[in-house]
Amino acid sequence: MLKLTTIIKSTPEKIFEYVTLFGKNGPIDKTSFKKKYGVIENQEDNVYWTVDERDNIEWKCSFNYPEIRIMESVNSRWSDRTDKFEATETGTKWIIEWNIKSHGLKALIQLIYFKIKGYKKYHRMIIKPVEDHFSNPK
């Protein structure tokens, strides 16, 4: 499992909504939601099955507002992703975990890459923009 963690000075609700585009009553903006997750093929309560047309990947996205988002790749070897949002005294602890679906040498290479280079890259691409958004309120 690969993991990134940070603490952001805001509430779990605000961070969850900003990161996932999902609010208490479902998607905040249907157009932005579709752009982020793909075409909605099916929905049951807070579980959405989507298709990312760029990569033709089917996702099962489960939202437990404002605590957890789980993205499971249905038809590919892409890693599943879980985002957790936990209230702390100083803000919200945001934990991102990837469950690698590959095995053996390929999984080992992914793990080594993440430890050497990927951690910083994904922190810069995923976490930094969210930290910046909440540290520079408009």
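Residues 24 or more positions apart make up 44% of the chain's contacts with a separation of 6 or more, a contact being heavy atoms within 4.5 Å. Keep in mind that this is a predicted model, where local features need pLDDT of at least 70 and side-chain atom pairs count only at pLDDT 80 or more, while totals for chains, interfaces and linings use all residues. Residues are numbered from 1 along each chain as its sequence is written, and side-chain values use heavy atoms, with hydrogens and water left out.

**Overall fold**

- The chain has 3 helices and 9 strands; these are DSSP runs numbered from the N terminus, with helices being H or I of at least four residues and strands E of at least two.
- Reading from the N terminus, the order is β-α-β-β-α-β-β-β-β-β-β-α.
- The radius of gyration is 15 Å, close to the 14 Å from the globule rule for 138 residues, so the chain is as compact as a globular protein of that length. That radius is taken over C-alpha atoms, and the rule is 2.2 Å times the number of residues to the power 0.38.
- The C-alpha trace spans about 45 × 35 × 20 Å along its principal axes.
- Of the 138 residues, 39% count as buried (buried is under 20% relative accessible area, exposed is over 50%, partly exposed is in between, with a 1.4 Å probe and protein chains only).

**How α1 and α3 pack**

- Two packed helices are described by the angle between their axes and the distance between the axes.
- Here, α1 (residues 12-20) and α3 (residues 104-135) pack at about 130 degrees, with axes 11 Å apart. Axes are lines fitted to C-alpha atoms, for helices over the stretch in contact, and angles run from 0 to 180 degrees between N-to-C directions.
- That makes α1 and α3 oblique to each other (under 35 degrees is roughly parallel, over 145 roughly antiparallel, 65 to 115 roughly perpendicular, and the rest oblique).
- On the α1 side you'll find Lys14, Ile15, Tyr18 and Val19, which meet Pro129, Val130, His133 and Phe134 of α3.
- By class, this contact has 6 nonpolar, 1 polar and 1 charged residues (Ala, Val, Leu, Ile, Met, Phe, Trp, Tyr, Cys and Pro are nonpolar, Asp, Glu, Lys and Arg charged, and the others, Gly among them, polar).

- Most residues other than glycine have a negative phi, and most peptide bonds are trans.
- Leu21, in the loop between α1 and β2 (22-23), has a positive phi near 65 degrees. Its relative accessibility is 22%, so Leu21 counts as partly exposed.
- Asn56 also has a positive phi, near 55 degrees. Asn56 sits in the loop between β5 and β6 and is exposed, at 53% relative accessible area.
- Tyr65 and Pro66 are joined by a cis peptide bond, with omega about -10 degrees. Pro66 is in the loop between β6 (57-64) and β7 (68-73).

- Asp52 belongs to strand β5 (residues 47-52) and is buried, at 12% relative accessibility. Not counting residues up to four places away in sequence, Asp52 touches Tyr37, Gly38, Ile57 and Trp59.
- Lys30, in helix α2 (residues 30-37), is exposed at 56% relative accessible area. Lys30 and Pro66 are 36 residues apart in sequence and 18 Å apart in space, C-alpha to C-alpha.
- Ile28 lies in the loop between β3 (26-27) and α2. Leaving aside neighbours within four places in sequence, Ile28 contacts Glu17, Leu21, Phe22 and Gly23.
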